[in-house]
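Please look over the sequence and the model shown here before reading on.

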Amino acid sequence: MESWVPLMDIFLNSPTPETEASLWLQQFFGATSSSSSTPITTSSFIALLTKPCSVTSNGSSSSPATKTVMFIQTLPAFVQSRILSFLAFEYKRFCGRELCRLARDLMSDDMVSDFWVQRAARNLLDVLSDSNYQWISGLTLDSEEHKVDEEFEYLPGWIKDTVSSDDDLLLPWLPISLDELNPRKFCGVCELEEDEESASDVGESVENEVNQIQDCPINVPLQSEIENMAGGLREQIMNFESSFKTVGLAHEIRQFCLDKGGDSFAILGLVEPWKADDETASVLISHLSNGSEDELVWPSQVLCSVLLPKLLVLEEPASRVLVSAMIEYCKIHQRAAVYALLGPLMLRREGINNPICDVVTRIVKECLHPAHVSAFLQKLLCGGEDERRFICLPHHQCLISNELAWTESLFTLFQNILNHNVHFTQDSVDHMVYRVRELAERYTKSLKFGNFLLCLANKCSPALSSHKLLLIDAVEHTNTIVTKSILLKLASL
């Protein structure tokens, strides 16, 4: 394990883990440490990740339960997703069968509840799949056998061709005969049905939680005692006296919503914490959590009842005290930030404006990993209506649409995200190009639109090659100081 410490440090702290890990592996490939005789290879790295480890978890029973998991599952969730992203980035250097087994095991394990780990595992499987359709032209009755023979760890054809048919040994110095070389003994053929079943489970736990929150009954009448207590809390929120009293009020609201087993979504709708001033809201958001609640439901309800309503109607730059509290909260509750803040803000019915653009940019840069942002944008741009379901109180659903409203500020936001080195998937780029072609005539003199196109051409040039002519046609409809620069860049694709 000692020889892998520098690589793990890269995954833990590096802002560009995929590139640095690739360079490190290339530099130290084949090296051994003084305390270990195992060389640093791709196979030994996979062996480390899949090494069985015993962990103790507190289940529903009083006695702790011991379960055997892979070593990678003992690492923090964001480190797991970074490792899987690196494996997808360097998949050609690894055994495809081992990568497939690792991704499938992570996706099927009940302990893997983190959305981004499952998303990265599915992305790894997608990279390993045959996506160029070349298998159709070569499809024969023995195509499957031919595919197995070309597996990662088997002898290349030039060695097999040098062996004469009457030789007993495959190579003189190896104690193995040609008859004994049967790849099927060592290769577990992956079942297509199992892969499809595992892939369909990615993200289901998170989506089910989101659907459960949204589908909870809102108009169910509450007891008069609960309504009276909620009214009292609402009055206290509106009358800020001191930070000390607001901290006590935050604990009282949390106990009222969670500890008494009530419908916290409906109770928060009665308390109306979004009507508090920014200073009160910053204290509430900082003290409504104590770290023991679940990862998504309650943090999402806090965000969509305290911060989201304020940001949806934001017309001026948000106050520093409110933004600081929001950033600190979103750093801790990243999944809740995506489902209860970023999603609803970007789906604002009137489209985002400059103040909202600044807020979303801060969250993206300071709270989320670029891979998480990329997955979120793909869902937002290319997903269906069910995939774009986010968490919001009924009071504010009228401010949110099911589709993106394309504004100049939205193009500025996408430009900021691209400059933050977020990788846009091919699907996301395709959708953006389609929208650019539609909107080019509307924003003929918009410098924000032009700057976005120039940034898109610089950052996503490999994904734009198939759209070159369409983009040139769209850019020719614009007339800004960057139009010629965009056309020159597109011409070089």
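## Helices α4 and α6

At what angle do helix α4 (residues 77-89) and helix α6 (residues 115-128) pack, and how far apart are their axes? In this predicted model, the two helices pack at an angle of about 10°, with their axes 8 Å apart, where axes are lines fitted to C-alpha atoms, for helices over the stretch in contact, and angles run from 0 to 180 degrees between N-to-C directions. That makes α4 roughly parallel to α6, a term for angles under 35 degrees, while angles over 145 count as roughly antiparallel, 65 to 115 as roughly perpendicular and the rest as oblique. Helices here are DSSP runs of H or I with at least four residues, strands are runs of E with at least two, and both are numbered from the N terminus.

On the α4 side the contact (heavy atoms within 4.5 Å) is made by Ala77, Gln80, Ser81, Leu84, Leu87 and Ala88, and on the α6 side by Trp116, Val117, Ala120, Ala121, Asn123, Leu124 and Val127. By class, this contact has 10 nonpolar, 3 polar and no charged residues, with Ala, Val, Leu, Ile, Met, Phe, Trp, Tyr, Cys and Pro counted as nonpolar, Asp, Glu, Lys and Arg as charged, and the others, Gly among them, as polar.

## Basis of the model and overall make-up

Residues are numbered from 1 along each chain as its sequence is written. The model is predicted, and local features need pLDDT of at least 70, side-chain atom pairs count only at pLDDT 80 or more, totals for chains, interfaces and linings use all residues, and side-chain values use heavy atoms, with hydrogens and water left out.

The secondary structure of the protein chain comes to 26 helices and 2 strands. Of its 493 residues, 47% count as buried, which is to say under 20% relative accessible area, whereas exposed means over 50% and partly exposed in between (1.4 Å probe, protein chains only). Of the contacts in the chain with a separation of 6 or more, 73% are accounted for by residues 24 or more positions apart.

Most residues other than glycine have a negative phi. Glutamate 272, which follows α15, has a positive phi of about 60° although it is not a glycine. This glutamate 272 is found in the loop between α15 and α16, and at 17% relative accessibility it counts as buried.

The axes of helix α16 (residues 278-287) and helix α18 (residues 320-332) come within 8 Å and cross at roughly 15°, and α16 and α18 are therefore roughly parallel to each other. The contact is made by Asp278, Glu279, Ala281, Ser282, Ile285 and Ser286 of α16 together with Val321, Leu322, Ala325 and Tyr329 of α18. By class, this contact has 6 nonpolar, 2 polar and 2 charged residues.

Not counting residues up to four places away in sequence, isoleucine 253 touches Leu233, Ile237, Leu268, Val271, Leu284 and Leu288.

## Individual residues

Lysine 379 lies in helix α21 (residues 370-382) and, at 6% relative accessibility, counts as buried. Lysine 379 and glycine 343 are 36 residues apart in sequence and 9.9 Å apart in space, C-alpha to C-alpha. Serine 44, in helix α3 (residues 42-49), is also buried, at 12% relative accessibility, and, leaving aside its neighbours within four places in sequence, is in contact with Trp4, Thr38 and Pro39.

Glutamate 316, in the loop between α17 (297-312) and α18, counts as exposed at 59% relative accessibility. Glutamate 316 and proline 355 are 39 residues apart in sequence and 5.8 Å apart in space, C-alpha to C-alpha. Asparagine 421 lies in the loop between α22 (408-419) and α23 (426-439), is exposed with a relative accessible area of 55%, and has a positive phi of about 65° although it is not a glycine.
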